[in-house]
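The report that follows describes one protein model, going from the whole chain to selected residues. Please read it with the sequence and the structure in view.

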Amino acid sequence: MAKLTEIGWEAFSGLALEAKKPYLEREEGDGMPYHTLFAQQFDRALLERLCALANRIRFINKSKEGALYLKNVLAHKRAMLYFSQPSSRTFLSHLAACQILGLTTGSVRDAATSSEFKGESHEDSVRTFSSYFDMIIMRSPEQGLAEKMAWELSNSERPIPILNAGSGKDQHPTQALLDIYTLVRSFETKGGLDGRTVVFCGDLMRGRTVRSLSYLLTNFKGVKQIFVAPQELQVPADVVMVLAKKGVEFEVADDLKSAVKIADAVYMTRIQDEWDESKGASAKIDTSRFKFGAEELALLGKDGIIMHPLPRRDEIATCCDHDPRAMYWRQMRNGMWIRAALIASVFGFEKSIMDCGY
Ligand code: NCD
């Protein structure tokens, strides 16, 4: 079994994502991640296990007895939520997931309130958290930071798992898990996710949720991906290369209305202008044709769904909010259940929850 303690940082960081996967798994050999860093760690079997566990947790939590059982599962563990980038849903749903499982939590929501402000290195901050907590859930504007911290911790005297809650423009694996969970549930009684057409629209160049979800979708058979964006914000080459290599059908387009007509799911995203190299650069791009409103709603099939990782600005008109095909509210709540499933699995409680009598 590959171990992060047996490979240097340079050698590890130079590996392809798929080759990194075995180094990040739980030592118990059940295929579950120990460190959760990118979408490439999840194959279809793992996704199905996590969706099944999320459904179980959701069901068990309905009764008081069940909820109290769940609250005891990880009552002996503590999690640190280390967020040095703004977040509402990702922070709160991880917090709620921890609460469901009984983990107690600590948090940093702004690097200005931690010793990093005094010049402490990320390595020292993370080592500090590992002295008090049993897991670090982290979001950072820095690409690759979660990966480096995972390697550092695994090579420290107190290794604890890292869960990447968004790293730069790069990856957002747990968002992709909740997106898959939402898609799987939406098509559960309608023939499943295989063979569906998923349309991504908005800022596909800088949206990390798109990169992670696009990859996870390759685990399903015959899912076609259509990328609709202004040319300046189109899907980056590395995402396209993964799809081409895997022989996945995809299309790069610029007409949302035509894409909506054939879509099973439309995944809208906001313009990520916080990454603009010069202030106001995104505002100069004409994004008016990349918004979902009443006209697009009228073109969407009756079983089609509208998704969004949120927060939204004006890329989905509020007139869509009460349509039964607007899945973004449920998507947000699904995040809590699938994150609880992942956290329970990282600590080795998948089987006991699946088999419990509730
Ligand atoms: C996304 C993110 O932070 O990448 N939000 C989220 O986690 N739900 C998308 C975004 O900020 O646009």
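Contact, as the word is used throughout this report, means heavy atoms within 4.5 Å. The model is a predicted one, and the values given below are computed from it.

## Overall architecture

The secondary structure of the protein comes to 14 helices and nine strands. The radius of gyration is 20 Å, close to the 21 Å that the globule rule gives for 358 residues, so the protein is as compact as a globular protein of that length.

Of the 358 residues, 56% count as buried, and among the contacts between residues at least 6 apart in sequence, 75% join residues at least 24 apart.

## Surface and charge

The accessible surface of the protein comes to about 15,300 Å², and carbon and sulfur atoms account for 52% of that area. The side chains include 46 positive and 46 negative ones, and the centres of these two sets lie 5 Å apart.

## Two domains

The domain assignment divides the protein into domain 1, which is made of residues 4–172 and 334–345, and domain 2, which is made of residues 174–329. The centres of domain 1 and domain 2, taken over C-alpha atoms, are separated by 25 Å. To the contact between them, domain 1 gives 33 residues and domain 2 gives 26 residues.

## Helix α6 and F129

F129 has its place in helix α6, which covers residues 122–132. With a relative accessible area of 10%, F129 falls under the 20% cut-off and is therefore buried. Leaving out residues up to four places away in sequence, F129 touches M80, Y82, V108 and I136.

## Helix α9: T209 and Y215

Helix α9 runs over residues 208–217 and holds T209, and Y215 lies in helix α9 as well. T209 is buried, with a relative accessible area of 8%; when residues up to four places away in sequence are not counted, T209 touches H172, Q175, Y267, T269 and P309.

Y215 is likewise buried, with a relative accessible area of 7%. Beyond its neighbours within four places in sequence, Y215 is in contact with E18, A39, Q40, F42, V242 and K246. The C-alpha atom of Y215 is also separated by 7.7 Å from that of V239, a residue 24 places away along the chain.

## The loop between β9 and α13

P311 is found in the loop that joins β9, residues 305–307, to α13, residues 328–346, and L310 is found in that loop too. The peptide bond from L310 to P311 is cis, with omega near 5°. L310 has a positive phi of about 65°, although it is not a glycine, and with a relative accessible area of 14% L310 is buried.

Conventions: Residues numbered from 1 in each chain as written. Predicted model: local features only at pLDDT ≥ 70, side-chain atom pairs only at ≥ 80, totals over all residues. Heavy atoms only, no water. Helix = DSSP H or I, 4+ residues; strand = E, 2+ residues; numbered from the N terminus. Rg over C-alpha atoms; globule rule 2.2 N^0.38 Å. Buried < 20%, exposed > 50% of the residue type's maximum accessible area, 1.4 Å probe, protein only. Areas by Shrake-Rupley, 256 points an atom, 1.4 Å probe, with all protein chains shown as cover. Lys, Arg positive; Asp, Glu negative; His and termini not counted. Charge placed at Lys NZ, Arg CZ, Asp CG, Glu CD. Domains from an automatic or database assignment.
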